[in-house]
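Q: I want to learn how to read a few features of a protein model. Can we take them in turn?

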Amino acid sequence: MNKILDSQSVLEVLRPVQDPELRKSLVELNMIRNVQIDDGGNVSFTLVLTTPACPLREFIVEDCQKAVKTLPGVTNVAVEVTAETPQQKSVPDRTGVPGVKNILAVSSGKGGVGKSTVAVNIAVALAQTGAKVGLLDADIYGPNDPTMLGLSDAQLVVHSSPNGEILEPAFNHGVKLVSMAFLIDKDQPVIWRGPMLNGIIRKFLYQVDWGELDYLIVDMPPGTGDAQLTLTQAVPMAGAVIVTTPQTVSLLDSRKGLRMFQQLNVPVLGIVENMSYFIPPDMPEKQYDIFGSGGGAKTAQELGVTLLGTIPLEISTRIGGDNGVPIVVADPDSASAKALRAIALNLAGKVSVAALV
């Protein structure tokens, strides 16, 4: 007997189709909604992904269409794709930021590895997918994110509220930004001890009108000091990303930073190897391992974490950062931009899986 073409039969043939990362049925996860069928056999429904940055979006849509087309009488299958980013799991004795679903730290064991470049470009890459993204520049002593986002001349607006002053973040390239650089003169050093650092980071978390965010990326200062402790003890963290170069001295320090987050019960989502190799602009077919090679992969394997991706060293990346136009915007077809977008998608997938399993 032929199956009747109705919404229930559509859901039944879609039931075996799984989310590739969660490995659960799309139907059981309530990711298939609004099934409609007209008299001409045109089937439409909404596919609700767990992140706008889903790296496997096209494959899931294709699997859904193939499954529905096995039903007799189907002439066309239209899939509307949307997303609902899940809220990270709560943690006892930690206070979340209202409206913010996932807080991610981008950290490094030492300075000079391109951590801020990675943080800025990941934030922009996520925003390009349609996600709502904020960037908290927690590198209080060396705040460079405004320059990289083209917001060097921005001024924060301050609102009064019953709970004190509320900062309105600056905005560019789809990303909301708060930074110490907005509160001090360009050449003014920040000479603070731990308690003052603790206070400003908490202010950036709880006294900023972040609105509704899928992801709040926190650009951490290098090392394992007060800023890291303040953040991990204040808010529930979806996870941390460790940025390193392939160079041995960088990898040695990155291991300490990674272990610190693990000791503080913050999930380490993976390692990003930056400056993996140099691509000369006049000979793009060549690669030079200036800082060595394979260090990030080896360290990730030794420590049992994921290598989220490797990013080449290109002059255009530096130019984009200096000019306030991140490489994922300035030169989206470059090797660096492609690597950074892939890392952002990989990261978003890991965050969704961690929130739902």
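Q: Where in the fold is A170 found?
A: A170 sits in strand β10, residues 170-172. Helices (H or I, at least four residues) and strands (E, at least two) are DSSP runs, numbered from the N terminus. The model is predicted: local features need pLDDT of at least 70, side-chain atom pairs count only at pLDDT 80 or more, and totals for chains, interfaces and linings use all residues. Residues are numbered from 1 along each chain as its sequence is written, and side-chain values use heavy atoms, with hydrogens and water left out.

Q: Does A170 count as buried or exposed?
A: Buried means under 20% relative accessible area, exposed over 50%, partly exposed in between (1.4 Å probe, protein chains only). A170 has 10% relative accessibility, so it counts as buried.

Q: Which residues are in contact with A170, leaving aside its neighbours within four places in sequence?
A: Contact means heavy atoms within 4.5 Å. On that test A170 touches L151, A154, L156, V175, K176, L177 and F182, neighbours within four places in sequence being left aside. For a C-alpha distance, take V157: it is 13 residues from A170 along the chain, and the two C-alpha atoms are 8.5 Å apart.

Q: How should I read S116?
A: S116 belongs to helix α3. Its relative accessibility is 10%, so S116 counts as buried. Leaving aside neighbours within four places in sequence, S116 contacts D145, M148 and D219.

Q: How many cavities of 30 Å³ or more does a search of the whole structure find?
A: Rolling a probe the size of a water molecule over the atoms shows where empty space is left. Here a cavity is a set of points, on a 1 Å grid over the protein atoms alone, where a 1.4 Å probe fits but cannot get out; lining residues have an atom within 4 Å of a point. Grid points are joined across faces, edges and corners, and a volume is the space filled by probe spheres set on the points. The whole-structure search finds one cavity of 30 Å³ or more. The largest cavity has a volume of about 40 Å³.

Q: Which residues line the largest cavity?
A: The lining consists of T117, V120, N121, M148, T317, G320, G321, P326 and I327. By type, the lining has four nonpolar residues, five polar and no charged. Ala, Val, Leu, Ile, Met, Phe, Trp, Tyr, Cys and Pro count as nonpolar, Asp, Glu, Lys and Arg as charged, and the others, Gly among them, as polar.

Q: Which residues of α9 are buried?
A: An α-helix has 3.6 residues a turn, so residues three or four places apart point the same way. In α9 the buried residues are T317, G320 and G321. They span an arc of only 95° around the axis, which puts them on the same side of α9. The arc is that of the directions from the helix axis to the C-beta atoms. The face turned away from the buried side carries the exposed R318 and N323. Cover for the buried residues of α9 includes α3, α4 (145-148), α10 and α11. Just after α9, G324 has a positive phi of about 80°.

Q: What is the pattern of buried residues in α2?
A: I60, V61, C64, A67 and V68 are buried in α2. Their arc is only 130° around the axis, which puts them on the same side of α2. The exposed residues E58, F59 and K66 are on the face turned away. Elements covering the buried residues include α1 (7-14), β1 (18-19), β3 (32-37), β4 (42-49) and β5 (76-83).

Q: How far does α2 reach from its first C-alpha to its last?
A: The expected span of a helix is 1.5 Å times one less than its number of residues. Helix α2 (residues 57-68) has twelve residues and reaches 17 Å, close to the 16 Å expected.

Q: Where is N30 found, and what is its phi?
A: N30 lies in the loop between β2 (24-25) and β3. Its phi is positive, about 60°, although N30 is not a glycine. N30 is partly exposed, at 42% relative accessible area.

Technical notes. On a 1 Å grid over the protein atoms alone, a cavity is a set of points where a 1.4 Å probe fits but cannot get out, and a pocket is an open set with protein on both sides within 12 Å along at least five of seven lines; lining residues have an atom within 4 Å of a point.
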